[in-house]
Structures are given as C-alpha cells and as structure tokens.
Amino acid sequence: MAFCTQCGQQIPDGSANCPSCGAPQNNTQNFVNNFTNTANTTSQFDPADIQNNKVMAVLAYIGILFLIPLLAAPDSKFARYHTNQGLVLFIAEAILGVALGILGAILAFIPIVGAIVIVILSLAISVVSLVFMILGIVNAANGTAKELPLIGGIKILK
Ligand SMILES: [Zn+2]
C-alpha cells in the first residue's frame, strides 16, 4: 500500500504516476513516507496529560528507563502509550540480541566471514534500534501518540 507524495491519495504499490492527480511518484520517498505513516491517535488523549507527561513518555524509549513512567506516572494514558512502545522495543531488541548470540555461536565455525557477518548484523541491529528509539522520542517530545513502524501495533500494556 502506498500514498501519493503529492495529494496523499492511496495508489497501487510501485506506481510511476498517481492515478488521481498525475504527479510522478518517487518510490523511495513513498517508502519513507509510508514507513512513518503509522496510526496517530493523539486526538484521543487529554492535552493536559500530554503536556504534563511528555518527559515520562520520552524516558519510555531509553532502555530500562521505561520503568520510570510505569512507576511514576501510572495514571497517565499518554505516558502509558509510549511506555508500551518502549517496552515492545526493549523486548524486540532483547530477542534480536539473543538471536544474534545464537547466530554468532554458529557463525564462529566459519573463519573470518563469520566474524564479518556478525559485526555487520550487530551494527545493523544497533542502527535500527537507534532509529526506532529516536522516532519514539521525537513523537513523545512532540506530544504525539503515533505508532512506531512495524512494532507500534503491538500492545502489551493496555
Ligand atoms: Zn496524487
């Protein structure tokens, strides 16, 4: 599913031109737009809650610090929304870390190439984790309840 970069109409994946307005489509731009074009439910939150708990929401994305909003702002819907995403991200990173450890043990049998693959994979996971963390922090600091790409739909905390 893609959206026109000009008028925002939904268009078939990989279209060269928008069927609605005719604007030529840059598919890389489209990919980036669609990747970050996730559910935004900011309007369902109390503006005062958002204002008061932005810092808590930001902390939710900084590793184990997701525990702080969980304990310090248990009644904040906004902090809870971001704590959920911070927690999902934290778990996803932990799972990837374990997977990488297992893969590393296997790849250790392949001289040189195995080590190179592991280094590349670790770097890739670190970069992706950092990008998700920054996206979450920017959303939280902007007072936005916007889902992270890929993992934002997972709800652990209700
Ligand atoms: Zn269009």
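Two residues are in contact if their C-beta atoms, placed from the backbone, lie within 7 Å. The model discussed here is a predicted one. Of the contacts in the chain between residues at least 6 apart in sequence, 52% join residues at least 24 apart.

**Overall form**

The chain contains 5 helices and 2 strands. Read from the N terminus, the order of elements is β-β-α-α-α-α-α. The radius of gyration of the chain is 19 Å, whereas a compact globule of 158 residues would have one near 15 Å. Along the principal axes, the C-alpha atoms occupy a box of roughly 55 × 50 × 20 Å. Buried residues account for 23% of the 158 residues.

**The pairing of α4 and α5**

Helix α4 covers residues 77-107 and helix α5 residues 113-141; their axes come within 10 Å and cross at roughly 180°. Angles over 145 degrees count as roughly antiparallel, and α4 is therefore roughly antiparallel to α5. The residues through which the two helices meet are set out below.

| Helix | Residues in the contact |
|---|---|
| α4 | H82, Q85, G86, L89, E93, L96, L100, G104, L107 |
| α5 | G114, V117, I118, L121, S122, I125, S129, F132, M133, G136, A140 |

What is the make-up of the contact of α4 with α5 in nonpolar, polar and charged residues? Its residues divide into 11 nonpolar, 8 polar and 1 charged.

Note on methods
Residues numbered from 1 in each chain as written. Predicted model: local features only at pLDDT ≥ 70, side-chain atom pairs only at ≥ 80, totals over all residues. Axes fitted to C-alpha atoms, helices over the stretch in contact; angles between N-to-C directions. Helix = DSSP H or I, 4+ residues; strand = E, 2+ residues; numbered from the N terminus. Parallel < 35°, antiparallel > 145°, perpendicular 65-115°, else oblique. Nonpolar A, V, L, I, M, F, W, Y, C, P; charged D, E, K, R; others polar. Rg over C-alpha atoms; globule rule 2.2 N^0.38 Å. Buried ≥ 20, exposed ≤ 12 C-beta atoms within 10 Å, placed from the backbone.
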